[in-house]
Each structure stands twice: as structure tokens, then as C-alpha cells.
Amino acid sequence: MRLGLEIKKLNNLISRNISNLKTIAMLNEISNSNGFILRYIEEHENELVTQKDIEVAFGITRSTASTVLSLMEKKELITREVLKEDNRVKKVMITDKGKSVNADIKKEIDDFEQTLILGLSEEEINQFLNYINKIKNNLKEEEK
């Protein structure tokens with residue numbers, strides 16, 4: 001069985017296609033993962049979004065999240081503000097520049113997502129997502 005290899009090849013194809021999106025290539029100041037993170041922060045703008053939330057949402061380590069968020073802050077796409085109630089926690093917020101970049105990226109990513117599911121029924125998409133979640137859970141169990 002070559003499931004891992006096929007998943008890796010699919011990941012490479014998706015990454016390559018996302019990297020080739022006009023907006024992302026044109027902006028050249030944002031990596032494809034930053035685009036997804038920007039979208040997440042904007043979609044949760046009326047909630048408290050912390051680095052931990054981003055770690056969980058994207059399945060990344062604390063050090064990776066810290067590095068990515070620091071770079072995004074340097075690019076003025078986000079700001080981080082220490083909470084008065086708990087100075088150990090920083091609220092992550094999108095800036096106006098981040099919102100503008102996000103609007104352009106959102107359109108292209110939405111179009112790309114439609115390409116990914118072309119020819120798939122709602123049931124097939126749900127089954128695929130179910131399989132992916134089972135595989136992720138298997139891998140999480142393996143890490144323990």
C-alpha cells in the first residue's frame with residue numbers, strides 16, 4: 001500500500017497550485033500558510049484568537065506558530081496584544097493591510113477549493129473528509 005506516498009503527492013500538488021495563485025505570487029510578501037492563517041483570524045475576528053488557537057486549528061507546533069506569527073506581525077498583517085486579564089496570553093488580530101491581502105487571497109482560494117471538489121458529490125466530499133480525519137487520528141495515536 002502506498003497511501004502515505006499518494007497523500008504526499010497530493011499535498012505537493014496542492015501546495016504547488018496554491019503557490020501559483022496570482023494573488024499570492026503577486027504579493028510575494030505572504031506565504032500560502034499565512035493566507036490560511038489570515039483567513040482564520042478574520043473569520044474569528046469577534047472572538048479571542050490566541051497563538052494556541054492557531055496551533056490547534058492548523059496542527060502546527062508552538063515554535064512554528066510563534067515563528068509564523070512573528071513574521072506576519074513584521075509584515076504588518078497582524079498585531080498581537082497582551083490581555084490585561086492574563087499577561088501570558090496575546091490576542092492575535094488582523095490589521096487593515098491584512099484584511100486587504102486576505103480579501104484578494106480569499107477569492108482565489110475559494111476558486112481553487114471549487115477546482116479541488118470538481119466532479120465530487122457532497123457525499124464523496126464528506127466521506128473523504130471522514131477518511132482524512134481517521135488517518136489524522138491514527139497518526140495522533142502513533143505520536144503518544
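The model is predicted, and every value given here is computed from it. The largest pocket holds about 1,900 Å³ of space, while the second largest pocket has a volume of about 170 Å³.

**The largest pocket**

- The lining of the largest pocket is made up of 38 residues, and those closest to the pocket's centre are Asn11, Ile14, Leu129, Ile132 and Lys136.
- Two or more lining residues come from each of the helices α1 (3-19), α3 (32-43), α4 (51-58), α5 (62-74), α6 (96-116) and α7 (122-143).
- Among these elements, α7 provides the largest share of the lining of the largest pocket, with eleven residues.
- Sorted by class, the lining of the largest pocket contains 24 nonpolar residues, together with seven polar and seven charged ones.

**The second largest pocket**

- The residues that line the second largest pocket are Thr50, Gln51, Lys52, Glu55, Arg62, Arg80, Arg88, Val89, Lys90 and Val92.
- At least two residues of this lining are supplied by α4, and at least two by the strand β2 (90-94).
- The element that gives the most to the lining of the second largest pocket is α4, which contributes three residues.
- By class, the lining of the second largest pocket divides into six charged, two polar and two nonpolar residues.

**An element found in both linings**

- Helix α4 is one of the elements that give two or more residues to the lining of the largest pocket, and α4 also supplies three residues to the lining of the second largest pocket.

How values were computed:
Residues numbered from 1 in each chain as written. Predicted model: local features only at pLDDT ≥ 70, side-chain atom pairs only at ≥ 80, totals over all residues. Heavy atoms only, no water. 1 Å grid on protein atoms, 1.4 Å probe; cavity = no way out; pocket = protein on both sides within 12 Å on 5 of 7 lines; lining within 4 Å. Points joined across faces, edges and corners; volume = space filled by probe spheres on them. Helix = DSSP H or I, 4+ residues; strand = E, 2+ residues; numbered from the N terminus. Nonpolar A, V, L, I, M, F, W, Y, C, P; charged D, E, K, R; others polar.
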